[in-house]
Amino acid sequence: MDEILKLLEKDGRMTPTQIAQATGQDETEVQETIRKYEADGTILKYTALINEDQVPAQHVTAMIELKISPQQGQGYDRIAQRIYQYNEVESLYLMTGSYDLLVTMTAKTMKDAAQFVYEHLAAIDGVTATATHFVMKKYKEKNCVLAKAPEQEERLYFV
Amino acid sequence: MIDYGTVLSDSVKALEPSAIRKFFDILEDMEDAISLGIGEPDFVTPWHIRDAGIHSLEKGFTRYTGNAGLSRLRVEISKYLNRKFGIEYKYSDQIIVTVGGSEGIDLAIRALVNHGDEVIIPVPSFVCYGPITRLAGGVPVFVETKVENEFRLTAQELRDAITPKTKALVLPFPSNPTGAIMERADLEAIAEVLRDTNIMIISDEIYAELTYGDRHVSIANIPDMYARTVYIGGFSKSYAMTGWRMGYACGPADVIREMLKIHQYAVMSAPTTSQYSAIEAMSNGDADIENMRLEYDQRRRLLLSGLREIGLECFEPRGAFYVFPSIKSTGLSSVEFCEKFLLQEKIAVIPGSAFGEGGEGFVRICYASSLENIKIALERMQRFVDSL
């Protein structure tokens, strides 16, 4: 991956000036490259990674495996499209292995999530089976360890 | 009642604790300061390396190793030095595993120096060479490197410092605190001065993995220098393993044999757990080094251009993880600058004067800290310099 993308993936708030300084590239060039990435959809958006344990309004995350019988001539894409249109669906992947599609979603309660699965996902033509897994605890997300790492107690302060 | 003034060794009593004690006292008391002071990686040791240490404990490997260190580790060190820098050391009689690079420096100086022998030490540099030389009964001869030479040691400076009593030259490059490196041509010029002498070289190459641009060249690789070089290396800086205390000293078998005697009587063997982790580091850690180096390089560039924008003069450091800007334009001494900066803006950087002559008027900023911290430090540095 391009160095600019790597830096932005780690810290979306880096300014073109700082990126230019860190990579040793020309600032206008960096600006131009970022603009191009934004235009062609390489950079989709800039967000904050939130540790949900710190936020008062709790919700649940579910991962739902779906088995699909692909439709003639359409493969999985048509069904996938019908699934990802739902706002509740955060991500959707076509998988190898014992099931076909993996949905991740968040909901207010487990009941809400379950309801979404049986009312919407399971009801889609071509979905032959579902298995819903609820996340109990998140340890690491997007390369970020969520638990605050303990600091070593005593350290040298000058070397 | 014992009079400790008379029982303690004169040479130990004569050692200065630190030239900038007061600054450290302030630093110690300030808990929420961002420190760009500590010269150690902010990365935690890569997990596979830590895991190898844990695994060795699970297997019950808790006894001393042989004095020189595990032979498997010495084999890995030998392969590594050959792979990375093209130097050949036999694992059987040319390598000692030491307690950090620091012990290697101590062993080398003690094995070489007779009472009254002079040891040439380029400054500003890491603080241990002078005191260790004094404890060994030697006389440190400090040679001031110059900012106009990007703090490299020049042949002329070396020539001027040599006397009939010169026993050894310490060559600490890439440099802490300046970030200076010595390129092949610089080393060849030094070699030319030493070629027909009996002077030994103690080459402290602990930062060898951290150069930005061309790969580091060891003086041991310059014609005729191998036989007079004691090579000091370690795991602390390259693999983010400072707390493991793992280093190594390599050199001519005749010198290593004598150094091993001191090591054997002083520490027996380097820590066993650390040695097992070190084997893993050297056999499977090349990618870790490269990833960390690339990150340091980004931070280095960001910090350097930021400092220049603020208006602090700074040569481009191409090694280690330090930037060494001049603060002369502020009119403050380096201690004043660092104390004020710490009290006003809660960012710790180290006065250049802590590293010996030639360091006054400069501060050492360590960029082994997150890009986020460096960005904050630059903003506050700007505000601070503007306030002066």
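**View 1. The two domains of chain A.** Chain A is split by an automatic or database domain assignment into domain 1 (3-39) and domain 2 (52-137). Their centres, taken over C-alpha atoms, are separated by 35 Å. What you're looking at is a predicted model: local features need pLDDT of at least 70, side-chain atom pairs count only at pLDDT 80 or more, and totals for chains, interfaces and linings use all residues. Residues are numbered from 1 along each chain as its sequence is written, while chains are lettered from A and ligands numbered from 1 in the order in which they are written.

**View 2. Chain A as a whole.** Chain A has five helices and six strands, where helices (H or I, at least four residues) and strands (E, at least two) are DSSP runs, numbered from the N terminus. Follow the sequence and you get α-α-α-β-α-β-β-α-β-β-β. The C-alpha trace of chain A spans about 60 × 45 × 30 Å along its principal axes. The radius of gyration of chain A is 21 Å, whereas a compact globule of 159 residues would come out near 15 Å; the radius is taken over C-alpha atoms, and the globule rule is 2.2 Å times the number of residues to the power 0.38. Of the contacts in chain A with a separation of 6 or more, 53% come from residues 24 or more positions apart; two residues are in contact if their C-beta atoms, placed from the backbone, lie within 7 Å.

**View 3. Where chain A meets chain B.** Eleven residues from chain A and 16 residues from chain B make up this contact. On the side of chain A that touches chain B, the largest share is four residues, and they come from helix α2 (residues 16-23) of chain A. Sort that side of chain A by residue type and you find six nonpolar, four polar and one charged. For this sorting, Ala, Val, Leu, Ile, Met, Phe, Trp, Tyr, Cys and Pro are nonpolar, Asp, Glu, Lys and Arg are charged, and the others, Gly among them, are polar.

View 4. Chain B divides into domain 1 (4-45 + 287-387) and domain 2 (47-285), with C-alpha centres 24 Å apart. Domain 1 of chain B brings 34 residues to the contact and domain 2 of chain B brings 36 residues. On the domain 1 side, α12 (286-310) and β9 (322-323) of chain B each supply at least two residues. Seven residues, the largest share of that side, belong to α12(B). The domain 1 side comprises 17 nonpolar, nine polar and eight charged residues.

**View 5. Helix α13 of chain B and its buried face.** Helix α13 (residues 334-345) of chain B has twelve residues and reaches 16 Å from its first C-alpha to its last, close to the 16 Å expected at 1.5 Å a residue; that expected span is 1.5 Å times one less than the number of residues. Its buried residues are B:S334, B:F337, B:C338, B:F341 and B:L342. Why do they sit on the same side of α13(B)? Because they cover an arc of only 120° around the axis, the arc being that of the directions from the helix axis to the C-beta atoms. The cover over these buried residues includes α3 (21-29), β10 (347-348), β11 (350-351), β12 (363-366) and α14 (371-387) of chain B. Just after α13(B), B:K346 takes a positive phi of about 60°.

**View 6. Two cis prolines in chain B.** Most residues other than glycine have a negative phi, and most peptide bonds are trans. The bond from B:V123 to B:P124 is cis, with omega near -5°, and B:P124 sits in the loop between β3 (118-123) and α7 (129-135) of chain B. From B:N176 to B:P177 the peptide bond is also cis, with omega near 20°. Look for B:P177 in the loop between β5 (166-171) and α9 (184-194) of chain B.

**View 7. Positive phi in two loops.** A:K142 isn't a glycine, yet has a positive phi of about 50°. You'll find A:K142 in the loop between β5 (140-141) and β6 (144-145) of chain A. Is A:K142 buried or exposed? A:K142 counts as exposed because it has 8 C-beta neighbours inside 10 Å. B:A240, not a glycine either, has a positive phi of about 55° and lies in the loop between β7 (229-234) and β8 (247-250) of chain B. With 23 C-beta neighbours inside 10 Å, B:A240 counts as buried.

Key
Buried ≥ 20, exposed ≤ 12 C-beta atoms within 10 Å, placed from the backbone.
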